[in-house]
Amino acid sequence: MDFGFTPEQEALRREVRAFIKEHVTPAVLAEMEGHNEGLIGVTRGTSRGPAVRELFDKIQARGWLGISYPKEYGGQGGDRITQYVVEEEFARANVNVATAGSSAPAILAAGTEEQKRYYIPRLLAGEFSFAQGFTEPRGGADLASLQCRAVREGDEYVINGQKMFTSGAHYCTHLYLMVRTDPKAPKHKGISVLLVPLATPGITVRPLWTMQNNPAAPTRTTYGQSRTNEVFFDDVRVPATALLGEENKGWTIGAIGLNLDRVGAARYLISVHRDEDIVNWIKENRFDGYTPADDPAIRDKVAELWIEAQVCRLMTMRSMSIVEHGGHFTYEGSAEKVWSPEHGVRTAETISQMLGPYGQLLNGSLRAIEKGIFAHQVMGAFQSGINHGSVQVMRDQVARRGLGLPRGRKA
Amino acid sequence: MDVLLDADERMLRDAARAFLEAECPPATARKMESDPLGYPPDLWRKVAGLGWQGMALPERHGGLDLPLVQLGIILEEAGRAIAPLPLHSTIVAALTIAKDGADAQREAVLPGVARGDTVLTWAFTEQDPRFLPETVKMRAKADGGDFVIEGVKLFVDNFAAADRCLVACRTAPAPTGNAGLSLFLVDAKSPGISHTPLVTLAKDRQSEVVFRNVRVPRANLVGELHQGWPVIERMLDRATALLCAQMLGAARKDAEMAIEYSKYREAFGQPIGAFQSIQHICADMIIWVDGGCLLTYEALWKMDQGLPASVEVSQAKAFCNDKCAAVARYSQTIHGGIGFMMELDLQLWFRRISAWTMRLGATFEHRARIARALLDHPGRVVLGRPVPVVAED
């Protein structure tokens with residue numbers, strides 16, 4: 001066991017921090033304000049102006065995008081832990097350099113040579129971005145029941161159906177789309193993954209508005225975005241080469257990406273940012289004659305949250321260790337996806353009780369604390385416990401895959 | 001950064017587990033609850049043959065010089081088997097002698113520990129159960145070449161079996177800051193010492209020890225006179241982290257027993273483990289034990305690196321207190337009525353885990369220590385970096 005970073009990684013961390021101090025300028029910050037799209041922070045693809053795009057050019061020039069990816073696909077051939085160090089520092093500054101997300105590892109694992117050479121360098125550079133076409137109106141938790149249909153016709157697939165909660169579909173370039181290719185097979189065995197450009201004719205993207213970010217939350221808060229989407233497919237034709245991996249093996253391929261979505265710097269920080277924020281806030285603030293930092297009940301709760309946050313950090317380190325060894329999660333990714341989001345919710349609720357009525361005040365309000373970050377978190381925190389597999393589905397996975405407990409009888 | 005067990009660590013764990021499964025069945029723990037000595041001497045010598053007592057002691061005193069992380073693995077396995085051995089108290093005292101004792105003290109004590117000839121313990125707590133320097137009232141007065149100790153210690157582990165005991169005493173009356181404490185290595189059979197066993201939840205061996213006019217030569221002072229607190233604090237931190245490892249080993253086994261039971265116990269026409277209500281608490285049990293292990297081994301690793309680890313130790317103990325108690329409770333719940341039967345071994349684990357949550361710092365005390373580090377020092381805290389905050393370059 002080794003709980004430390006190497007001297008090289010520590011030096012790189014300092015270098016990234018110095019870079020951020022110099023290059024995440026007021027102009028960059030102004031472009032970021034009010035945009036909480038994707039996981040934590042802005043990317044080249046989601047930038048609203050030239051300053052962020054210029055920032056990403058500089059980051060790329062330093063060789064800090066796709067550190068752990070093979071050189072032949074535009075990466076740096078480095079290790080996953082080093083990449084994590086860079087991702088965490090940037091995520092703390094609201095810059096998302098983990099642009100390849102979960103689609104690039106899936107393409108790397110299951111794609112053809114042509115797909116790898118085409119997609120991965122562009123994903124790493126932030127030129128391409130994938131929205132995830134998984135959930136449908138009839139099923140979220142029961143993902144394998146999906147019905148969006150793709151029929152092979154000659155050299156093409158023809159897609160018809162609908163997806164829900166397709167976050168980022170209004171600014172991403174592509175869809176990582178799970179479709180049913182064999183309706184007669186058992187539900188897990190008739191699914192395929194298609195890589196679909198969003199500009200393909202027949203695709204309609206419509207907004208779905210959520211309770212988050214209204215009014216616009218300050219940067220660094222809440223999990224996601226106020227807008228997600230529903231996506232309709234009407235005779236959408238893509239070439240057969242859009243298929244990722246084998247036909248009808250999409251359940252396993254999809255799981256590669258989903259597992260990686262549940263772990264990492266962004267996932268970790270979104271669960272623990274407010275722990276740091278509340279400690280730092282009560283160290284420096286008081287309400288007239290009342291000093292929360294001297295209140296024994298608050299001191300106890302703050303320490304409890306801090307311990308839980310450390311477990312979030314260490315579970316992230318465990319996931320990174322497993323990925324670095326080239327292993328696959330048995331249950332560890334799912335375990336982290338139970339612990340960390342639920343911790344984030346406990347933090348949000350505990351802080352609400354520490355701040356009392358001030359905990360309600362949103363960004364822009366008179367007397368709002370820290371631009372309302374704690375109030376916005378109340379709306380944002382539990383999203384993380386729902387998306388990419390709810391904490392209940394995650395517990396099923398820990399129990400069945402990790403502990404070998406049997407499946408219940410079908411109701 | 002690689003928080004997974006490496007090949008050596010896995011081998012150590014597997015070997016320790018296989019040994020204890022063969023040599024220390026639950027029946028041994030059960031039997032020792034009413035045994036006058038409280039542990040089987042032949043098992044004690046066998047584990048010395050495996051190098052457990054001397055694992056983290058210096059090679060030149062008969063030890064193996066291995067890191068605390070590996071010792072943690074051994075204590076985790078000992079906890080898993082609820083092995084009735086005076087391992088924890090012996091190791092904690094021996095490590096303090098190894099790290100802070102004089103060379104003559106080391107040579108006098110440590111080889112015997114490594115051989116399995118010696119049992120050690122340590123005594124800190126008096127009436128006030130908190131682990132703070134001001135709770136120590138026991139006086140040690142200089143008298144010629146000796147010190148004379150007078151007072152009462154509580155909750156001393158394995159005192160009846162111990163050959164020697166490290167005793168925290170007050171040598172300077174008015175405490176200025178943390179000064180005024182000294183640590184002595186005391187022969188447990190010294191004239192003037194008497195002890196009374198306490199009747200405990202775990203039916204383990206703890207005593208109230210009375211010192212009346214007990215003479216200890218000055219050469220038995222461990223560390224410097226009046227400057228004992230930092231030595232004692234390090235001892236308590238090591239003791240706490242190692243107790244966490246022991247508790248987690250027991251809790252993981254306890255959870256596994258419930259998981260296995262739920263696979264074959266049928267109700268409503270199927271194994272109860274097929275019900276999500278059971279599956280989800282099983283998942284939580286493993287998530288908690290895993291979390292406790294990560295916190296505990298990080299604390300032990302930091303100590304191995306010579307880094308400050310007090311906050312990490314308190315994180316681990318506060319978390320383990322809460323979560324291991326919950327694991328033991330859920331395991332009982334899953335077993336239902338049968339879990340309450342004395343005949344079933346499960347209760348052996350429940351009572352020990354519950355007892356260990358109350359030793360070496362209750363949850364509130366450890367959280368208070370963390371709160372002091374977080375809130376009572378200047379600077380912005382960041383997860384993954386030291387608290388109290390140290391200046392960044």
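Predicted model: local features only at pLDDT ≥ 70, side-chain atom pairs only at ≥ 80, totals over all residues.
Domain bounds here come from an automatic or database domain assignment. As for labels, residues are numbered from 1 along each chain as its sequence is written, and chains are lettered from A and ligands numbered from 1 in the order in which they are written.

Chain B is split into domain 1 (7–118), domain 2 (122–226) and domain 3 (230–375). Two residues are in contact if their C-beta atoms, placed from the backbone, lie within 7 Å. On that basis, 12 residues of domain 2 of chain B meet 10 residues of domain 3 of chain B. The domain 2 side of this contact has 9 nonpolar, 2 polar and 1 charged residues. (Ala, Val, Leu, Ile, Met, Phe, Trp, Tyr, Cys and Pro count as nonpolar, Asp, Glu, Lys and Arg as charged, and the others, Gly among them, as polar.)

Now for the strands of chain A. Helices (H or I, at least four residues) and strands (E, at least two) are DSSP runs, numbered from the N terminus. A residue is called buried if 20 or more other C-beta atoms lie within 10 Å of its own, exposed if 12 or fewer, and partly exposed in between, with C-beta atoms placed from the backbone. Strand E5 (residues 191–197) of chain A is largely enclosed by the rest of the structure, because 6 of its 7 residues are buried. Two strands pair if DSSP finds at least two bridges between them. Strand E4 (residues 174–180) of chain A runs antiparallel to E5(A), and 7 bridges join them; A:Tyr176, for instance, has A:Leu195 in E5(A) as its bridge partner. E5(A) also pairs in the antiparallel sense with strand E8 (residues 243–244) of chain A, over 2 bridges. There, A:Val193 is partnered with A:Leu244 of E8(A).

Next comes the place where the two chains meet. Chain A puts 47 residues into the contact and chain B puts in 46. On the chain A side, helix H8 (265–284), helix H9 (296–324), helix H10 (332–355) and helix H12 (391–402) each supply at least two residues. H9(A) gives the largest share of that side, 19 residues. In all, the chain A side divides into 26 nonpolar, 7 polar and 14 charged residues.

A:Leu314 sits in helix H9 of chain A. A:Leu314 counts as buried because 24 other C-beta atoms lie within 10 Å. Not counting residues up to four places away in sequence, A:Leu314 touches B:Val3, B:Leu294, B:Leu295 and B:Glu298. A:Glu336 is 22 residues from A:Leu314 in sequence, yet the two are 9.4 Å apart, C-alpha to C-alpha.

H10(A) has 24 residues and spans 34 Å from its first C-alpha to its last, close to the expected 34 Å. (The expected span is 1.5 Å times one less than the number of residues.) After H10(A) comes A:Gly356, with a positive phi near 60 degrees. The buried residues of H12(A) include A:Val391, A:Met394 and A:Val398, and the buried residues of this helix pack against H10 of chain A together with H8 of chain B. A:Gly404 follows H12(A) and has a positive phi, near 70 degrees.

Helix H8 (residues 276–304) of chain B is largely enclosed by the rest of the structure, since 26 of its 29 residues are buried. H8(B) reaches 41 Å from first C-alpha to last, close to the expected 42 Å.

Finally, a nonpolar core is a set of buried Ala, Val, Leu, Ile, Met, Phe, Trp, Tyr and Cys residues joined through C-beta atoms within 7 Å. The largest one has 243 residues, of which A:Leu194, B:Phe184, B:Cys282 and B:Leu374 touch the most other members. Helix H7 (residues 228–264) of chain B brings the largest share of this core, 19 residues.
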